[in-house]
Amino acid sequence: MVVKPILKYLLLLIISTVYKSVAVSIIKDPVIRSATPISNKTWENWNGAIDISPNAIFEPSTLQDLIDIVKLAKKNNKTIRCAAQGHTVSSLSVTDHYLVVVNNLNKAKVQKHSKYGWTVTAEAGMSLSELDQALRAHNPPLTLNSETVYNSFRVSGVIAVGAHGANPRSGIMSDQLNSLKIVTDSGEVREFNEEINESEFNAAKVNLGLLGIIYSVTFRVQPMYNLIMNDNYVSINEWLNANNVKKLLNSSDGIELFYWPFNGFNQSDPNPFDTNKDLVWVKNWVRTDKPVSITQKQLEQLRKTQRQGMILQYQLLSSLLKNPEETPNITSSIWEDFISSGNKSLVLEAPDAFHYVPAEESVKLDLMEFGFKVDPDFSNVVTEFLFAIKTMYKFAKQGKFPLNYIIDLRIIKSTKALLSTTFDNDSEALYCQLDFETAYRTPSWEEFGKFMAKRYFDKYKAKPHWAKEWEFIPNVTSYLSNVLSDQIKQFEQIRAKYDPDKIFFDNKSLQEIF
């Protein structure tokens, strides 16, 4: 009878000894100790289109964490993809293995620079809002020269995918980089900049997470300046022509054209679907020495009002998912309220003008964008903007309403960044970026997107924005493989050097393209 208790005790002793042995080995292994995954096993992007459950999710807060995560991945034969705020709606962050969310890497340091005057180094997870604040608080106050509209984006995200603002002389945000540091396949930190190796720098500037994990980026910055931001609402028939667009661009620090769907719609009209009654919202920025026209407190109140308006608009637009035929009534009434105050002009500090609307995370949208080279006379810019509008009306006559938010047009400078959708050997070339936005899961959205993509692909060899929706387009990976073939060959030579074991090459779409 005494045997059973003794055996039970021995078994417990053995289990305890084994557990302690394993625990000690884990604690002694610095790789495992500092590369600890969070308890949450699922991750969702901003609009809910991406919902994944990888093997492990990491939220590093130091450079050493990043290094150890890479070492752990190598040790366990795992691959890595990265995410930040989650505004990428394509599958670039999708992985079955290790997802590294960089938001806790959010420090910044401003430095004097002998060539550029000032630079700022920001860790990968710093938001543009936090970066703007750090630069504004500096003595003297500083700013970037162009940024994305939403200030909630993280710096590594905008760099990795080649995001851009509206300044035609600045191009993508990556073109403001002086350098960036990436933790590569070996666990080493590599610095990429033009002076060390120009070709590698051009590969790293838009790298889609294929060279490693971005740890930090260093931007060239300049003294703070003010911009006049003008908003005008003009007739499509009377104003929208190539000469007016070109003239406005040449006299501005940036332009943006918006079309709000069916804004001239009138149900009582015998011909309610008439594009000739529509207006275009024309926004432009001009540098000025004038003082800002509203206080920071007034600006905060304006942003609060804008946010409330966006939420209300989104509630109305979301109702169209079940009743898409009501789209013209709803969008035209929203537009009437929107323009009721008439044309307006504000003088703002540069970052406040870049981020002219707040980032409201509850507004979930489907997003799609195509970039194509601008003809010297700008004729194709107007042709394609009008074609997009007329296509929307063509769908409407079939009882389909795939677009209920905006069509947005920006013109930016080309870049030498190999994987950018605006890459061009001609450094003076301009690219038109046509952006389409609608409430998430709007019926007929993908049908509309496929139709527009075929037009731009066939006519211009256009390229979709990496961070937005493109994977539903038929044969898109083979198309991109072909249209980007020269850049891919150059990029692959550099990727083979820094990721020979393909730790970061964990994405089905990119594998098909490359």
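Axes here are lines fitted to C-alpha atoms, for helices over the stretch in contact, and angles run from 0 to 180 degrees between N-to-C directions. With that in hand, helix H14 (residues 476-483) packs against helix H15 (residues 485-498) at an angle of about 80°, the axes being 5 Å apart. This is a predicted model, where local features need pLDDT of at least 70 and side-chain atom pairs count only at pLDDT 80 or more, while totals for chains, interfaces and linings use all residues. Residues are numbered from 1 along each chain as its sequence is written, and side-chain values use heavy atoms, with hydrogens and water left out. Helices (H or I, at least four residues) and strands (E, at least two) are DSSP runs, numbered from the N terminus.

- Angles under 35 degrees count as roughly parallel, over 145 as roughly antiparallel, 65 to 115 as roughly perpendicular and the rest as oblique.
- The angle of about 80° between H14 and H15 therefore makes H14 roughly perpendicular to H15.
- On the H14 side the contact (heavy atoms within 4.5 Å) is made by Leu480, Ser481, Asn482 and Val483, and on the H15 side by Ser485, Gln487 and Ile488.
- Sorted by class, the H14 contact with H15 has three nonpolar, four polar and no charged residues; here Ala, Val, Leu, Ile, Met, Phe, Trp, Tyr, Cys and Pro count as nonpolar, Asp, Glu, Lys and Arg as charged, and the others, Gly among them, as polar.
- Helix H12 (residues 379-397) and helix H13 (residues 445-460) pack at about 150°, with axes 11 Å apart, so H12 is roughly antiparallel to H13.
- H12 passes H13 in a right-handed crossing; a crossing is right-handed if the near helix is turned clockwise from the far one by less than a right angle, and left-handed if anticlockwise.
- H12 brings Asn380, Thr383, Glu384, Phe387, Ala388, Thr391, Met392, Lys394 and Phe395 to this contact, and H13 brings Glu447, Phe448, Phe451, Met452, Arg455, Tyr456, Lys459 and Tyr460.
- The class count for H12 with H13 is nine nonpolar, three polar and five charged residues.
- Helix H9 (residues 296-318) and helix H10 (residues 327-338) meet at an angle of about 165°, their axes 10 Å apart, so H9 is roughly antiparallel to H10.
- H9 also passes H10 in a right-handed crossing.
- Gln313, Leu316 and Leu317 of H9 touch Ile330, Thr331 and Ile334 of H10, a contact with four nonpolar, two polar and no charged residues.

**Nonpolar cores**

- A nonpolar core is a set of buried Ala, Val, Leu, Ile, Met, Phe, Trp, Tyr and Cys residues joined through side-chain atoms within 4.5 Å; buried means under 20% relative accessible area, exposed over 50%, and partly exposed in between (1.4 Å probe, protein chains only).
- The largest nonpolar core has 123 residues, and Phe219 and Phe436 touch the most other members.
- H12 gives the most to this core, with nine residues.
- Apart from this core lies another, of 32 residues, including Phe258, Leu348, Leu365 and Ile406.
- Setting aside neighbours within four places in sequence, Phe436 is in contact with Asp366, Leu367, Met368, Phe370, Ala388, Leu403, Ile406, Ile407, Trp445, Phe448, Met452 and Tyr456.

- Val280 sits in strand E14 (residues 279-288) and is buried, at a relative accessible area of 0%.
- Not counting residues up to four places away in sequence, Val280 touches Asn232, Tyr233, Val234, Ile236, Leu240, Leu257, Phe258 and Phe385.
- His164 is in the loop between helix H5 (155-161) and strand E9 (177-183), and counts as buried at 5% relative accessibility.
- Leaving out neighbours within four places in sequence, the contacts of His164 include Glu147, Thr148, Glu369, Arg410, Gln433 and His465.
- His164 and Val149 are 15 residues apart in sequence and 8.6 Å apart in space, C-alpha to C-alpha.

- The peptide bond from Asn139 to Pro140 is cis, with omega near 5°, and Pro140 is in the loop between helix H4 (128-137) and strand E8 (142-143).
- Phe378, a residue other than glycine, has a positive phi near 70°; Phe378 lies in the loop between strand E16 (365-373) and H12 and is buried, at 4% relative accessible area.
- Ser444 has a positive phi near 70° as well; Ser444 is in the loop between strand E18 (430-439) and H13, and is partly exposed at 23%.
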